[in-house]
Amino acid sequence: MDNYDVTIIGAGLAGLQCARLLARKGLRVLLVDRKNSLDQKIHTTGIFVRRTLLDFDIPDDCLGPAIKHVTLYSPGLRSMEFVSEHDEFRIGRMGQLYQRYLQQCVLAGVQWLPETSYLGHVSTNGKLAVHLSTETVTTRYLIGADGARSRVARNLKLDLNEEWIVGVESVFEGVCIDGPPRLLCFLDPELAPGYIAWIAHDGEETHVGVGGYSSCFDPPAALEKFRARVANIVDLKDAKQIERRAGYIPVGGVLRNIANTNGLLLGDAAGAVSPLTAGGLDPCMRLSALAAQVVGEYLSTGNPQDLSVYSGELFRARFASRLWARRIASSLDQRQLVELGCAVLRFPLLNRLARHVFFGRGSFPDVEMMESPHLAPAGKN
Ligand SMILES: Cc1cc2nc3c(=O)[nH]c(=O)nc-3n(C[C@H](O)[C@H](O)[C@H](O)COP(=O)(O)OP(=O)(O)OC[C@H]3O[C@@H](n4cnc5c(N)ncnc54)[C@H](O)[C@@H]3O)c2cc1C
């Protein structure tokens, strides 16, 4: 039976980031995913925010052109423009990025096991026997980076996500939209109950999608309706659809109990998504960097106290305002009310607040914010 220091289930952004950092510390790492290729079945739009681009080494050729412009539309399609002096967003070429990070993992010594599902694990003699669809391996520590509906979380007896929105989008090439690259965000509780519909256009790729509480809408039907509604804003008649993406987004905030002496959770499995914007890529990078430090420390000392810093309870305290904003967003279920809300966003104070939501830099707590004598700051990696 093969023997590893750390076994990571899930090779999304969270699992890949953590695997390469742990392997660079000299640990024996196994990375497992049920997909046969990481550029298949992608379920994210892939918009990276400025803060992530500044703090982490996302390869430039895996990112589209920069976006500074945001247009917000009310249900009646009244628009409001926001322009930043900075390059705020870039849409990741996610298939390419996952493959690049996987190459870096393998180069650092990670053992890669594609087309393999995690089935469960048992604890034996201070180690874990991890049952995979292809074999059983032993590991000192197990990491669940297996997405929003994590089987690893359940088996480790850690917390589980309970509040979701669902997102579905089509990706097009060859779309012409006048003006510079931009994000177009549409508030409409019928098409996107509790969230937004969007067009993310960087001049090369155009993502057209809707998101919302699944109990309140039919996502594919809403997407069709949305396409028809924006026909005067974006002409998709001659555009080539290259992909369809969809997935669950946990929006209940980072879970409280995300680590124990057998394992921990990363990314969506940990609920590490902004409850307000539903952005999860920045938290993937940040939480995985912290996890790599904490797990490296714990495996070298064996002291459970080293894990105490990896606590959702500590993170949640910094999420209070975004959790409130989510509650407000989910309760706005009437178009007239949202129309009114959009109108008052023209007042300077509320306009500044909206700018802050689009261009603010607080996505997930910095690793440096966590108070541990062991943890060095996480910079570019
Ligand atoms: C439609 C949509 C659009 C989004 N757009 C954005 C955006 O623009 N910007 C942003 O910041 N966030 C966005 N998000 C959120 C963001 O994509 C996620 O938070 C992030 O991708 C989560 O990464 P992850 O690595 O935690 O999980 P995932 O990317 O879900 O990776 C989990 C991996 O685990 C594997 N897996 C699962 N179960 C098993 C098992 N039992 N055995 C083996 N492997 C398993 C899966 O195959 C998968 O590869 C979006 C989400 C959706 C659904």
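A residue is near a molecule if one of its heavy atoms lies within 4 Å of it. On that basis, 31 residues surround the ligand, and the closest are D33, H43, T44, I47 and D268. The model is predicted, so local features need pLDDT of at least 70 and side-chain atom pairs count only at pLDDT 80 or more, whereas totals for chains, interfaces and linings use all residues. Residues are numbered from 1 along each chain as its sequence is written, and side-chain values use heavy atoms, with hydrogens and water left out.

**Ligand surroundings**

- An oxygen atom of the ligand lies 2.8 Å from an N or O atom in the side chain of T44.
- A polar backbone atom of R34 is 3.2 Å from a nitrogen atom of the ligand, and a polar backbone atom of G46 is 3.3 Å from an oxygen atom of the ligand.
- The protein covers 93% of the 1000 Å² of accessible area that the ligand has on its own (Shrake-Rupley method, 1.4 Å probe).
- The shell contains 12 nonpolar, 14 polar and five charged residues; in this classification Ala, Val, Leu, Ile, Met, Phe, Trp, Tyr, Cys and Pro are nonpolar, Asp, Glu, Lys and Arg are charged, and the others, Gly among them, are polar.
- At least two shell residues come from each of α1 (13–24), β16 (240–250) and α6 (281–301); helices (H or I, at least four residues) and strands (E, at least two) are DSSP runs, numbered from the N terminus.

**Nonpolar cores**

- A nonpolar core is a set of buried Ala, Val, Leu, Ile, Met, Phe, Trp, Tyr and Cys residues joined through side-chain atoms within 4.5 Å, where buried means under 20% relative accessible area (1.4 Å probe, protein chains only).
- The largest core has 76 residues, of which I8, L22, L31, I143 and Y310 touch the most other members.
- Helix α6 gives the most to this core, with 12 residues.
- A second, separate core of 23 residues includes I165, I196, I249 and F358.

**Two buried loop residues**

- R93 lies in the loop between β7 (89–92) and α3 (94–107), and R93 counts as buried because its relative accessibility is 13%.
- The side chains of R93 and E204 are joined by a polar contact of 3.0 Å (a pair of N or O atoms within 3.5 Å; within protein, one must be able to donate a hydrogen and the other to accept it, and residues adjacent in sequence count only if both atoms are side-chain atoms).
- P189, in the loop between β13 (182–186) and β14 (197–201), is buried, with a relative accessible area of 11%.
- P189 and Q334 are 145 residues apart in sequence, yet their C-alpha atoms are 6.4 Å apart in space.

Technical notes. Buried < 20%, exposed > 50% of the residue type's maximum accessible area, 1.4 Å probe, protein only.
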